[in-house]
Amino acid sequence: MFEDFKFEVDSDKPVNGIVEKEFVRKFLLGGNCHCNIENMRTGNNFTYKIQRAKDKRNMYFVNVLSGLGDIYLGYFYVNANLIDYRKGEKGNADENDQRVQVLVWTLTNHKRLPSYVIVEHFGKCSVCGAPLSDADSSRRGYCSTCALMI
Ligand SMILES: [Zn+2]
């Protein structure tokens, strides 16, 4: 009786959604990721922009969005499952900063994320920015077209 169910999203109004665990790492490393990571146990709740460097496939810049605005934290390199974070000269957070730790921990532990850690997208593909307009895309955090490429 649920076969006719259709997931409908008004593309003018992106809808937030929770990224399923198996897609978390690809979602976060999509290159153009806007997300929220919440740890319901510790109460940590941070909103990130994680953007891939244009000239380096494994380098990402991290910003946090908060009431204080958009703050550049630093950058990291991805080498297999190792996340090598650096504050750099212009960064505002070293590796001991909670905002950094939550992100690095989530990336490193993506295969065994506990249920109290919630990774949420804001309705846009983390690769190309297209609206996530179907249920599969919403579960992944990236669109069907990009799913074929990453
Ligand atoms: Zn896409």
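Cys-35 stands opposite His-121 in strand β7. The model is predicted: local features need pLDDT of at least 70, side-chain atom pairs count only at pLDDT 80 or more, and totals for chains, interfaces and linings use all residues. Numbering starts from 1 along each chain as its sequence is written. Helices (H or I, at least four residues) and strands (E, at least two) are DSSP runs, numbered from the N terminus.

β2 and β7 are antiparallel and are joined by 5 bridges; two strands count as paired if DSSP finds at least two bridges between them. β7 also pairs antiparallel with β1 (residues 17-18), through 2 bridges. There, Gly-17 stands opposite His-121, and Ile-18 stands opposite Glu-120.

## The sheet

The open sheet has 7 strands in the order β1-β7-β2-β3-β4-β5-β6, with antiparallel pairing. Its edge strands, β1 and β6 (82-86), each pair on one side only.

In a regular strand, side chains alternate between the two faces of the sheet. In β7 (residues 117-121), Val-117, Val-119 and His-121 form a covered face, while Ile-118 and Glu-120 form an uncovered one. Helix α2 lies across β2, β3, β4, β5, β6 and β7, and runs at about 165° to β6; axes are lines fitted to C-alpha atoms, for helices over the stretch in contact, and angles run from 0 to 180 degrees between N-to-C directions.

## Core and helix α1

The largest nonpolar core has 29 residues, of which Phe-27, Leu-28, Tyr-48, Val-62 and Leu-103 touch the most other members. Two or more residues each come from α1 (21-28), β2 (32-39), β3 (45-52), β4 (59-66), β5 (69-79) and α2 (98-108). A nonpolar core is a set of buried Ala, Val, Leu, Ile, Met, Phe, Trp, Tyr and Cys residues joined through C-beta atoms within 7 Å.

Buried residues have 20 or more other C-beta atoms within 10 Å of their own, exposed ones 12 or fewer, and partly exposed ones fall in between, with C-beta atoms placed from the backbone. In α1, Phe-23, Val-24, Arg-25, Phe-27 and Leu-28 are buried; their cover includes β2, β3, α2, β7 and α3 (135-140). Leaving aside residues up to four places away in sequence, Phe-27 touches Val-19, Cys-33, Val-119, His-121, Ser-126, Arg-140, Gly-141 and Tyr-142; contact requires C-beta atoms, placed from the backbone, within 7 Å.

Pro-131 is in the loop between β7 and α3. Pro-131 counts as partly exposed because it has 18 C-beta neighbours inside 10 Å. Its C-alpha atom is separated by 7.7 Å from that of Cys-143, 12 residues apart along the chain.

Notes: Two residues are in contact if their C-beta atoms, placed from the backbone, lie within 7 Å.
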